[in-house]
Amino acid sequence: MQFKDPKNNSFASLSPAVWRASTVLFDNFEDFISRKSRQPDGYSYGITGTPTSRQLETRVAELEGAKHCIITPSGQSALMTATMAFIRGGDHMLISDSCYGALKTFSRKWLSQMGVEVEFYPPTIGKNIEELIRPNTRMICLESPGTVTMEMQDIDAITSVAKIHNVKTMMDNTWASPLFFKPLDHGVDLSIEAATKMFGGHSDLLMGTISLNNFDDYDVLRETQSVLGQAVSPDDIFLVLRGIETFELRLREQSKQTQHIARWLEQQPQIETVMYPALESDPGHQIWKQQYSGAGCLFSFTLKEDSDDAIAAFFNTLEVFPIGASWGGTHSLIAYYPAEQQQARHYSPTSKAIIRVSIGLENADTLIADLQKALNAWQHAL
Ligand SMILES: Cc1ncc(COP(=O)(O)O)c(C=O)c1O
């Protein structure tokens, strides 16, 4: 028995069909032997996707204002696929020091061992990135605000310089999502989202997306995704398509709650700094105001004193915030980044331990009460 896309049937539904397939079938010999010509959009083998994948890719491309999109099995795989598609030995690659840690590790431990000149630059470099561009610079990686330390990057300034020198730009846009910032409209070539976070929204899957306008690059990316074996489960795609239905509502509400909680936290006597570009006190606030139309649900903060016992008391007192990595779901989360991690970086705005908070959809007063109790415990344990 064969299962065919029932497009000529009268059946219709509000939920997407989940097409599972390792094998794609062909009507005849000629179709089979010319199957490669179906790429980058068509179907030739399960690895490049099924109609379920194309539905999500089309939906994300719409959100990003992009002509094309490719989905990958995680946010990290999207970053890695975009890099592997365009970087070769002998190339020079510029990576913001506040890019996602696993991208930096991949570049440092793998790409640099394959003859790529990997250079980390200060996230707030702006137009001065021009001074770092070499004849073999092939790509600039951006993330704004940065992972954990939340530095805002001047995307407009960096992409303007990159265009003059014909250097590709790739940006991790997961924090703002296309709801609050559309990287392609600001000159970025490859816009990456960890769909694990806001698009999925329920902390139950991993996925990544790469959106772009250039067709030739899209073709290269599709081949790279396939050759690297980056298959995405259609069941997970179904969940992301469902998550996207409520993504805007969730993010708007989470953003509102996050701003309220960040403002409250900033006033507490135990707090040194709250790193959140929507706050007027944040060094990236002006760029955020000029280039972004909203703020994500994630922020970081430092305490006035670093003390192992006090930090342990803070975390172990929390009852509402589960401790865990990741963010963007309906449940709030809290994570810890020890001082050594910031000290090991080339350009960190702090050498202190950082606490990072993702705000979900719980009652804001309940979350504040939990943080208040934990801050009191921190104080008592000093
Ligand atoms: C900003 C950012 N980009 C990328 C990733 C990687 O996404 P994933 O966990 O889906 O690999 C994360 C995950 O923590 C992230 O926070």
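These legends walk you through several close-up views of a predicted model.

Local features are described where pLDDT is at least 70 and side-chain atom pairs where it is 80 or more, while totals for chains, interfaces and linings use all residues of this predicted model. Residues are numbered from 1 along each chain as its sequence is written, and side-chain values use heavy atoms, with hydrogens and water left out.

**View 1. A seven-stranded open sheet with mixed pairing.**
Follow the strands in the order β1-β7-β6-β5-β4-β2-β3. Helices (H or I, at least four residues) and strands (E, at least two) are DSSP runs, numbered from the N terminus, and two strands pair if DSSP finds at least two bridges between them. At the edges you will find β1 (68-72) and β3 (117-121); each has a single partner strand, so one side of each has no neighbour in the sheet. From one strand to the next, the twist averages 20°. Such angles run from 0 to 180 degrees between N-to-C directions, with axes fitted as lines to C-alpha atoms, for helices over the stretch in contact.

**View 2. β4 beside β5, and the helices that pack on this sheet.**
Strand β4 (residues 137-143) and strand β5 (residues 168-172) run parallel and are joined by five bridges. Look for L142, whose bridge partner in β5 is M171. Helix α4 (residues 101-109) lies across β2 (92-96), β3, β4 and β5, at about 150° to β2. Helix α7 (residues 215-227) also packs on the sheet, where it touches β1, β5, β6 (190-194) and β7 (208-212), and its direction makes about 15° with that of β1. Contact here means heavy atoms within 4.5 Å.

**View 3. A second open sheet, made of four strands.**
Here the order is β8-β9-β11-β10, and the pairing is antiparallel. The edge strands, β8 (271-275) and β10 (333-337), each pair on one side only. Neighbouring strands are turned by 25° against each other on average, direction ignored. Five bridges link β10 with strand β11 (residues 354-358) in the antiparallel sense. Within this pair, I334 stands opposite V357 in β11. Helix α10 (residues 308-317) packs on the sheet and touches β9, β10 and β11, its direction making about 165° with that of β10. Helix α8 (residues 234-266) lies across β8 and β9 (298-303), running at about 10° to β9.

Which backbone atoms face its oxygen atoms? A polar backbone atom of G75 is 2.7 Å from an oxygen atom of the ligand, and one of Q76 is 2.9 Å from an oxygen atom of the ligand. On the side-chain side, a polar atom of D172 lies 2.5 Å from a ligand nitrogen atom. The protein covers 91% of the 390 Å² of accessible area that the ligand has on its own, with areas from the Shrake-Rupley method and a 1.4 Å probe.

**View 4. Two cis peptide bonds and a positive phi.**
A cis peptide bond joins Q39 and P40, with omega about 10°. P40 is in the loop between α1 (29-33) and α2 (51-64). The bond from S144 to P145 is cis as well, with omega near -10°, and P145 sits in the loop between β4 and α5 (155-164). S177 is not a glycine, yet its phi is positive, at about 65°; this residue lies in helix α6 (residues 177-180).

**View 5. G89 and its contacts.**
Where is G89 placed? You can find G89 in the loop between α3 (75-86) and β2. Neighbours within four places in sequence aside, G89 is in contact with M114, G115 and V116. The C-alpha atom of G89 is separated by 49 Å from that of W264, 175 residues apart along the chain.

Technical notes. A polar contact is a pair of N or O atoms within 3.5 Å; within protein, one must be able to donate a hydrogen and the other to accept it, and residues adjacent in sequence count only if both atoms are side-chain atoms.
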